Amino acid sequence: MPLISSLWEAKANRSFEYSCLRPAWGRGSCVTSGGSRDVARAGPPKMAVCIAVIAKNYPLYIRSTPTENELKFHYMVHTSLDVVDEKISAMGKALLDQRELYLGLLYRTEDYKVYGYITNSKVKFVMMVDSSNTALRDNEICSMFRKLHNSYTDVMCNPFYNPGDRIQSRAFDNMVTSMMIQVC
Amino acid sequence: MSPTQWDLPVELCCRPMAFVTLTGLDVVYNAVHRAVWDAFCANRRADRVPISFKVLPGDHEYPKCRPKRTSYEWYIPKGILKTGWMNKHLNLVPALVVVFYELDWDEPQWKEKQSECATRVEIVRQSLQGRNTKVAVVLIQKKTPLPPGEDVIASERAAALCNACELSGKSLFVLPHTDHLVGYIIRLENAFYEHAQTYYYTEIRRVKSHKEFLNKTTHQLLFVRHQFKIAFFSELKQDTQNALKNYRTAYNLVHELRAHETNILEIKTMAGFINYKICRLCFQHNTPLDAIAQFRKHIDLCKKKTGSAELSFEHAAWMSKQFQAFGDLFDEAIKLGLTAIQTQNPGFYYQQAAYYAQERKQLAKSLCNHEASVMYPNPDPLETQTGVLDFYGQRSWRQGILSFDLSDPEKEKVGVLAIQLKERNVAHSEVIITLLSNAVAQFKKYKCPRMKSHLMVQMGEEYYYAKDYTKALKLLDYVMCDYRSEGWWTLLTSILTTALKCSYLMAQLKDYITYSLELLGRASTLKDDQKSRIEKNLINVLMNESPDPEPDCDIFAVKTAQKLWADRISLAGSNIFTIGAQDFVPFVQCKAKFHAPSFHVDVPVEFDIYLKADCPHPIRFSKLCVSFNNQEYNQFCVIEEASKANEVLENLTQGKMCLVPGKTRKLLFKFVAKTEDVGKKIEITSVDLALGNETGRCVVLNWQGGGGDAASSQEALQAARSFKRRPKLPDNEVHWDSIIIQASTMIISRVPNISVHLRHEPPALTNEMYCLVVTVQSHEKTQIRDVKLTAGLKPGQDANLTQKTHVTLHGTELCDESYPALLTDIPVGDLHPGEQLEKMLYVRCGTVGSRMFLVYVSYLINTTTEGKEIVCKCHKDETVTIETVFPFDVAVKFVSTKFEHLERVYADIPFLLMTDLLSASPWALTIVSSELQLAPSMTTVDQLESQVDNVVLQTGESASECFCLRCPSLGNVEGGVATGHYIISWKRTSAMENVPVIRTVITLPHVIVENIPLHVNADLPSFGRVRESLPVKYHLQNKTDFVQDVEISVEPSDAFMFSGLKQIRLRILPGTEQEMLYNFYPLMAGYQQLPSLNINLLRFPNFTNQLLRRFIPTSIFVKPQGRLMDDTSIAAA
């Protein structure tokens, strides 16, 4: 069972990557992969303040930059699930299969913007960005999410990883670190 | 400065309406005036024009108008907007003053009245000197006026009155006091409204005209003020589009002002006011997005304008108010029909307001922590002469001073101190909680359960800061389970920590223990040192001592709490707390597991209780007891160790009562099940683990069922999915995750040790007494008692089978319907070891088909288990499927006397009934006898004797019988005539003598009977001989009631010569018979065709020769001549 789901996850993600070349996938806010790959190669914009991976309702992984205020980020990630739930339920069953994985801006507060992304196996990614950061546009956020998704797929492909357990992969950790704002 | 300093003024928040005063009305003593006033006031719905009315005496003094400034050159404004200005134009300076005066056109003393009216108008004008306020006169008249133009006196006098009062004709109104008062009033107020609009229009023009005198250097404030005034007048004029435009301009102008620490509050205040107006109008115009955009812009612009650092809490307070006001506006708009969405609803604004309120509290806490000795300055710098400020947003101790330099630093210091000291008295928590609860209400509405929980946590924490621990605990406890069920352990731990503090400070024992248990558990993300501290406290509490205070608690509160704890110790109340584990994640985990899903009753039931502690230090429990659905077993499953209270921590690693962190402890229990519980389920209903003992305090952790808490089901799921290989452990240890809870087991009866055999000869034959021999043999070591046999049709099959199957023990008599299909509990007595008994069982099956039969043998035996003697009931069953078949098939046919098949028989003419009995049984059958019971309509021609008595039929053999019958004429019977029954009495050939004979009754088929007009039969020998005369006599019988003409002819044949009438025509009388005699003379040997007799009935053309041939022979066997001679010739040859 876990093996199948992880394979499926991998396959879904691969097909997503490849099918980006086809125009059908080009619709919506996530545009073709060419651009986003370039961004990825040029070094990702290190902008996120908090990145979380959530299965069902509980967190598999949460990292936030200013560690002293960790609790606040946890709360924000948790509350953002309200919007994710609402977005998914609004989409309905039929659309669920062909939907865009990127959910867009979930909500914004005075200080932060919260973005969401949902994989085919209903694992949610939540990313928080400083509100004042206007350089980040949907495109960049989307490509960051896709990178995250790839890395998550790698974690899932690990036969020793048990889906539903907390993610402890070092590779995933490094990936997340590369996307976070560096506090110096 | 009131605590509501930050609230927006009422006159800003209301909807501005044109202000009109009514004079000359005596609403107290004059009923007519009262009615007029009521008509103005009552039912001011949305369809009435927006005017606010006020009744004032005719000589009321209106606010004085300051002399007009001719030049602004030397004028320097002292502030942006005067505090009284809005109120002045809303409630003090009218747009129109109406003078009511009672005067009819046909007034006899017209002159006097006219001049009195003019005087009244003059007085009003006097007090309005310098203002553009309009004046109008309304004449209250008793008579209904004539249509205009008809009343000459009226128009004359009206013109005269206008002249006297210096009024234009448009400002004179007549109000007849008649039935249609409200209608007149509405027309009147519409006219007033027009006047008011003109007034405000001129006011706007007047303010605009000042603009050209202003210069950008000294009059910056005036730009804002004028723009604001224009916008406000536009609003009074109900021109909201222009109002919005002007407010927007004013807003931009405010931000162009040079800001400095000294005037930043004034700028922010005004910006806030104007922003409020803009947002309000945007919502009113149903452009909520504009409102939101404006508000965002406003916040972005003002966020950084903190002002003086010493009073930074003021900025936070102001920000909080901005958000709250916008939230209120948004909410109001929603109430008026706007739809909000999940991500854009008032809740966010209330939430943000609460954040700023929290920030305000933080800042106030750090800035206002003056020593108690610091006295509030005297004289109060915040007092002003009038009690109010002259301009919005200015400091009371330096009103109207525009210079950016502080002229009097000492005074400034005192002022700041006064504000700080005032701030200290503000109930911040109350403000925050109100805002949060507003936000909670909104988020509840917009499907944000998690946001709601988050805000409730904040409310709880705020109550904690406000030292209202009961409320805090209530809120935290309420949301805790949401976070627990979703598995957000970090958040849960944080909430629990606060909750623990609350329960400590209130000395709530049970709560304190519950939260400690969970904070020590695996769901808690606390560090080990914290956990150690909590565990130590928990043990202290269990030993009836006070715990150490929680860190970061208020010192005074801790002191109170310590006193409370001390009181708790001396209280001799109930000290046992039972806590259900399924609602939270305690630090001890429990799993119960029966060794097998079922146990035989003669084997002890065994199960294990696994315990595991997650706390940092080993812990000793005092008692473990397991409860079952049958409470009689509870007593066998208790572990208790008499230990002294102080031993809880000592002797740690020894004894099975001690749980070592991380290690799984297995406890084995064993008991003998009751024989009454055979076939029942034994279930563990709960496991109770006691920590501490009764002398101190005792906590009983209660697991429902076989263990498991709020988090364990998810963990079990993960463990089941996991492919991870677990490291090998020593034999007596197990992996916690690999233990699967098994909380129930079945008690099943002891394995029987007897054999049951069935002997019979299938298949069964329908209706026979089928014999089934049951052999029971005991293989037990001891005698078995009370052996009982239950046998018969197995229940649960087709209901029809039950009706058609009967079982008996006595085979000598046939059983009928009254016999049951299943014989239960036939006592057979006792059996010694090795003894065998046999029982015959007879089954009668009424229908064919297969049936399942059950033979069930039960007995009692005494055995010993675990030194305990028990009586076990054992049973063994056998089932057998028996097919039932028909013993034989019976075929019946009708033939003519010539053995020709008959479709129908002819009345009064004999025919044959042939029965054919074909054995279908695999066993030999004996036909004891057979019997033909004829129906009354049939008569027999000869004796009806059975021809098959005592015939034995093997499989496939058949026995036939033949009966000659006749059917008298009956007329035409629809569907034929009943023939009767054929009864066969039979039994198995192998059956014993005393087995009864079975009678099988077969209903014979109906036969169609037909009448014929003429019956012919022939008398002729059975054979002829060549050249020997063969006499043949034909009998012709007329069966009808008529005389029949018959033509008879005989056709010649090659094989015969004959003598007799060849062709004749004769008559036969009804019921009589005619004989025809022929002498045939055979010429050839062999089977020869007789000369055919043709009969033609003139009355019945249908009567054909074919029919005739049924009755008379058509051929005959002719023997050759002289056999003897032939024989001799052969011999000679």
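What follows is a set of questions and answers about a predicted model.

Visitor: Why is the pair R450(B) and D85(A) called a salt bridge?

Guide: The rule asks for a side-chain nitrogen of Lys or Arg within 4 Å of a carboxyl oxygen of Asp or Glu. Between R450(B) and D85(A) the N to O distance is 3.0 Å, so the pair meets the rule.

Visitor: How do you know which parts this pair joins?

Guide: R450(B) lies in helix α15 (residues 449–465) of chain B and D85(A) in helix α3 (residues 70–96) of chain A, so the pair joins two chains. A network of salt bridges links D82(A), D85(A), R450(B) and E486(B).

Visitor: What makes R450(B) count as buried?

Guide: Buried means under 20% relative accessible area. R450(B) has 6%, so the residue counts as buried.

Visitor: Why is D85(A) called partly exposed?

Guide: Partly exposed is the class between buried, under 20%, and exposed, over 50%. D85(A) has 31% relative accessibility and therefore falls in that class.

Visitor: Why do R750(B) and E780(B) count as a salt bridge?

Guide: Their N to O distance is 3.1 Å, and the limit is 4 Å. R750(B) is in the loop between β16 (744–748) and β17 (754–760) of chain B, and E780(B) is in the loop between β19 (769–778) and β20 (784–793) of chain B, so the pair ties together parts 30 residues apart in sequence.

Visitor: Are R750(B) and E780(B) buried or exposed?

Guide: R750(B) is buried, with a relative accessible area of 12%. E780(B) is buried as well, at 5% relative accessibility.

Visitor: Why is the ring pair of F125(A) and Y152(A) called edge-to-face?

Guide: By the ring rule, the count comes to 51 aromatic pairs over all chains. In the pair F125(A) and Y152(A), the ring centres are 5.6 Å apart and the planes stand at 80°, so the pair is edge-to-face. The cut-offs are centres within 6.5 Å and planes over 60 degrees apart.

Notes
Residues are numbered from 1 along each chain as its sequence is written. Chains are lettered from A and ligands numbered from 1 in the order in which they are written. This is a predicted model: local features need pLDDT of at least 70, side-chain atom pairs count only at pLDDT 80 or more; totals for chains, interfaces and linings use all residues. Side-chain values use heavy atoms; hydrogens and water are left out. Rings of Phe, Tyr and Trp (its six-membered ring) pair if their centres lie within 6.5 Å; planes under 30 degrees apart count as stacked, over 60 as edge-to-face and the rest as tilted. Helices (H or I, at least four residues) and strands (E, at least two) are DSSP runs, numbered from the N terminus. Buried means under 20% relative accessible area, exposed over 50%, partly exposed in between (1.4 Å probe, protein chains only).
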